[in-house]
Amino acid sequence: YMINRPSSPSKLRGPLAVLAGNAISPAEERPGAAIVLAQQRVKELEARVTELQANNIALEKQLDDDGQQFLEALFSLEGEIEELTREKRKLTEERAKAEDRLRFMDSVGEL
């Protein structure tokens, strides 16, 4: 009794191939399947790239908006600092004048 065997063990398919330790992947069995899988992967990656680009655009816009708000707040604070500096200068001058008047009144009172 003779068993017909393939000329090469690498040609085995199905359960025999698994037992022989040299199974052929579905993509190898059908060359077109590898192309289809590759095309699907390319489409998935392209979709991911599109998604990441959209996220990047949104993040850049948010960064621009946040930067604009920061600059506006900074300019506002600078304006407040200038206003407070002027007010302090004015109050310092008024205090000096009041102290001068008090000294003058004290000196007149001593006479």
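**Labels and their cut-offs**

Author: Arg86 has a relative accessible area of 45%, so Arg86 is called partly exposed. The model is a predicted one.

Reader: Why is Arg86 called partly exposed?

Author: Buried means under 20% and exposed means over 50%, with partly exposed in between. At 45%, Arg86 is therefore partly exposed. Glu83, at 44%, is also partly exposed.

Reader: What makes Arg86 and Glu83 a salt bridge?

Author: The cut-off is a side-chain nitrogen of Lys or Arg within 4 Å of a carboxyl oxygen of Asp or Glu. For Arg86 and Glu83 the N to O value is 3.5 Å, so the pair counts as a salt bridge. Both residues lie in helix α3, three residues apart, about one turn of the helix.

Reader: How do you know that Glu51 forms a salt bridge with Arg48?

Author: Their closest N and O atoms are 3.2 Å apart. The limit is 4 Å, so the label holds. This pair also sits in helix α3, with three residues' spacing. The structure holds six salt bridges, by count.

Reader: Why is Phe70 called exposed?

Author: Its relative accessible area is 55%. Phe70 is in helix α3, residues 31–110.

Reader: What makes the nonpolar surface patch that includes Phe70?

Author: Phe70, Leu71, Leu74 and Phe75 make the patch, about 410 Å². Patch members need over 30% relative accessible area. Phe70, at 55%, therefore passes that cut-off.

Technical notes
Residues are numbered from 1 along each chain as its sequence is written. This is a predicted model: local features need pLDDT of at least 70, side-chain atom pairs count only at pLDDT 80 or more; totals for chains, interfaces and linings use all residues. Side-chain values use heavy atoms; hydrogens and water are left out. Patches are made of residues with over 30% relative accessible area and no salt bridge: like charges are joined within 9 Å, nonpolar side chains (Val, Leu, Ile, Met, Phe, Trp, Tyr) within 5 Å. Accessible areas come from the Shrake-Rupley method with a 1.4 Å probe; for residues, only the protein chains shown count as cover. Helices (H or I, at least four residues) and strands (E, at least two) are DSSP runs, numbered from the N terminus. Buried means under 20% relative accessible area, exposed over 50%, partly exposed in between (1.4 Å probe, protein chains only).
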